Amino acid sequence: MGVGVVGTGSHVPPRVVDNATAGAPAGVDDEWIRRKTGIRERRYAEPGDATSDLAVAAARRALEAAGTDVADLSLLVVATSTPDSPQPPTAAVVAHRLGAPQQVAAFDLNAVCSGFVFALDLARRYVAGGGTALVIAAEVYSRVIDPTDRRTAVLLGDGAGAAVIGPAADDRSVLGVRLSSYGELAGVVRVEAGGSRMPTSAETVEAGLHHFRMDGREVVNFVRGRVPPEVDRLLADLDLTRGDVDHVITHQGNGHLIRTLVDDLGLTGARLHTTVERYGNTGAASAAITLDQARRSPGVEPGSIALLATFGGGMSVAVALLRF
């Protein structure tokens, strides 16, 4: 027996925000957004709903899919860059609402859009000696966007995905993971104010320093330059080739960037799974949501190999190979 993903679940808010609505404050229309991003719509959480609300809904679906009782969990990790609040950790709120045992280790992890795979690797190592873990990736980006910034406002949405990690047959196991971080590029994706470096003040709010910002061209250069070598290293680690990969799931940052990356990886023969068209960029949640939908889609053969390729602020790259 190895360690694998034994159940997945996802949840997106019911509120659909089309391109006309998202683009109007930024002065762009549906045609511009589709041409630049491939996104048709995204979901926003309702007022009063927080990251933990989305996380709980996704977690319950993953536990049900895995046939796992919450009382059997030994670890619960929430990957998020938009927690309910600075303190307490959102994972503690989620664990309580799920009815997890008091001895469960519950904490947050922030690797921005790479967070799900970072948490997945941590969980598989934690439970390698036994036990079961719940990994949840959840974001409410609609609360940190600048609606007038066309570079980011039209990209981002809200959602959550979850995976139960535990003992699994070899044909359902996580084969390997590679993680890397490039701190010299930490300013490429950022929310500048609200922490100890730049505490919240009337001035930071007035200057819009609590909004999500991104240097799009730098992100594209980073992804195309850093992700393919990490995938090649992981394949080499496992004595596999690109031809062994049956499915590809990436961070759903931008529809056009995803397809460019797949071309760069030389994986055009693999089945590409995307959700960016309907949900936009949901940060850490995007790969988890797409993994859940891929596992539930018709024509997926048990034991086939899937590549998870994620990238995010930090900057970071996290790639994994697992069997469906």
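Two strands pair if DSSP finds at least two bridges between them, and strands (E, at least two residues) and helices (H or I, at least four) are DSSP runs, numbered from the N terminus. The legends below describe a predicted model, where local features need pLDDT of at least 70, side-chain atom pairs count only at pLDDT 80 or more, and totals for chains, interfaces and linings use all residues. Residues are numbered from 1 along each chain as its sequence is written, and side-chain values use heavy atoms, with hydrogens and water left out.

**View 1. The whole chain, to get your bearings.** There are 10 helices and 14 strands here. Along the principal axes, the C-alpha atoms fill a box of roughly 55 × 45 × 35 Å. Of the 324 residues, 56% are buried, buried being under 20% relative accessible area, exposed over 50% and partly exposed in between (1.4 Å probe, protein chains only).

**View 2. A five-stranded open sheet.** Read across it and you get the order β8-β14-β13-β11-β12, with mixed pairing. At the edges sit β8 (174-181) and β12 (271-273), each pairing on one side only. Helix α7 (residues 216-237) packs on this sheet and touches β8, β13 and β14; contact here means heavy atoms within 4.5 Å. The direction of α7 makes about 40° with that of β14, using lines fitted to C-alpha atoms, for helices over the stretch in contact, with angles from 0 to 180 degrees between N-to-C directions.

**View 3. Strand β13, tucked away.** Eight of the eight residues of β13 (residues 305-312) are buried, so the strand is largely enclosed by the rest of the structure. In a regular strand, side chains alternate between the two faces of the sheet. Here Ile 305, Leu 307, Ala 309 and Phe 311 point one way, while Ala 306, Leu 308, Thr 310 and Gly 312 point the other.

**View 4. The two neighbours of β13.** With strand β11 (residues 247-250), β13 pairs in the parallel sense over four bridges; His 247 has Ala 306 as its bridge partner. With strand β14 (residues 316-323), the pairing is antiparallel and runs over eight bridges. Look for Thr 310, which stands opposite Ala 318 in β14.

**View 5. The turn of the hairpin.** Three residues lie between β13 and β14, which form a hairpin. In the turn, Gly 314 has a positive phi of about 140°. Gly 312 has Ser 316 of β14 as its bridge partner.
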